[in-house]
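Work through the exercises below with the sequence and the model open. Each task is followed by a solution in steps.

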Amino acid sequence: EQVQTASGTGKGVFVGTVPLNTTLSSGTYSLKDDTRGNQSTVNMKNRTSGSGTLYSKTTNTWGDGTVSNGESAAVDAQYGAAATWDFYKNTFGRNGIKNNGVGATSRVHYGSNYVNAFWSDTCFCMSYGDGASNTHPLTEIDVAGHEMTHGVTSATAGLNYSGESGGLNEATSDILGTMVEFYANLPTNPPNYWIGELINLNGNGTPLRYMDKPSKDGRSADSWSSGVGSLDVHYSSGVANHFFYLLSEGSGAKSINGFSYNSPTSNGSTVTGIGRDKAAQVWYRALTVYFTSTTNYAGARTGTLKAAADLYGAGSAEYNAVAAAWSAVNVN
Ligand code: ASN
Ligand code: ZN
């Protein structure tokens, strides 16, 4: 049977109204994108096992922006996967999570009252819960970018998910997930350096994490100390998230897209940012060329300096900014 690429449209919970590439086969449209490695979105129908049901129907208009229409979360997921694909392709020349042209599956409505989202290498898929009372899906675009970046890290550096390497693994997902949010630049979700600011996981409207000042969450580390590796990886990540913010935007007060930041340094220094696009190139090159499964914070400093030397030259302004941003989070 012939399969055609079709141009659909969707309205997600968080992405608003967006175009979606779908496939048409025998009069049925599916949330499957054959222009991006056949990435697809399936409905888990509150189950936690099985492969779910591919979203398929006879019209090519998906979701209505409400949570109660279960397709809306699927629109977020499918669009988030597309934006992540395009970000990696157009920013780094990476052709999918494994750089082999193969797309991942997104699974929505995973479990019941499930307040998390996660990546799995086993299914080459990511799963999104529907949150508290099944009314707060975790389908924000920075979460999509975060989870799929776990797949990239697994396929490259393979940073072990514990200790300092685990913090670097988590930070890699926050950093590049945030870059996906900037790349998508959605009017419904003005990009920022906060993680999960729309999904209300805390129940009081606050973001899950803050890259400009990680300790604003009450738990994350702003800077390195000898015990940082014994924190949960979602808190030891703060050191690298803060490094990345400082490298991109610099220290002190700044407003971007209406979001106000005031990023401190641990050593009283002033850091001048090099911009997020250059910072992302440095991080990605370090991740894919220099980091290994056991890289710790000292190794991340060394690896990103090597990456900056490759890209911009040893002793360049960018190279010196990498050194200054690590020193500002007490990685010397
Ligand atoms: N959402 C979490 C994460 O991707 C799941 C986990 O703890 N691994 O970090
Ligand atoms: Zn993670």
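**Exercise 1: the open sheet**

Strands β1 (residues 3–11) and β2 (residues 17–25) form an antiparallel pair with nine bridges. The model is predicted: local features need pLDDT of at least 70, side-chain atom pairs count only at pLDDT 80 or more, and totals for chains, interfaces and linings use all residues. Residues are numbered from 1 along each chain as its sequence is written, and chains are lettered from A and ligands numbered from 1 in the order in which they are written.

Task: find which residue of β2 stands opposite valine 3, and give the strand order of the open sheet.

Solution.
1. Strands are DSSP runs (E, at least two residues), numbered from the N terminus, and two of them pair if DSSP finds at least two bridges between them.
2. Opposite valine 3 is serine 25 of β2.
3. The open sheet has five strands in the order β7-β3-β2-β1-β8, with mixed pairing.
4. Its edge strands, β7 (56–57) and β8 (61–62), each pair on one side only.

**Exercise 2: strand β5**

Task: decide which strands pair with β5, in what sense, and why β5 is described as largely enclosed.

Solution.
1. β4 (residues 32–33) pairs with β5 in the antiparallel sense over two bridges; aspartate 33 has glutamine 39 as its bridge partner.
2. In the hairpin of β4 and β5, with five residues between the strands, glycine 37 has a positive phi near 65 degrees.
3. β9 (residues 105–108) runs parallel to β5, joined by four bridges; serine 40 is partnered by threonine 105.
4. β6 (residues 53–54) is antiparallel to β5, with two bridges, and valine 42 faces leucine 54.
5. Five of the five residues of β5 (residues 39–43) are buried (20 or more other C-beta atoms, placed from the backbone, within 10 Å of the residue's own), so the strand is largely enclosed by the rest of the structure.

Definitions and conventions
Buried ≥ 20, exposed ≤ 12 C-beta atoms within 10 Å, placed from the backbone.
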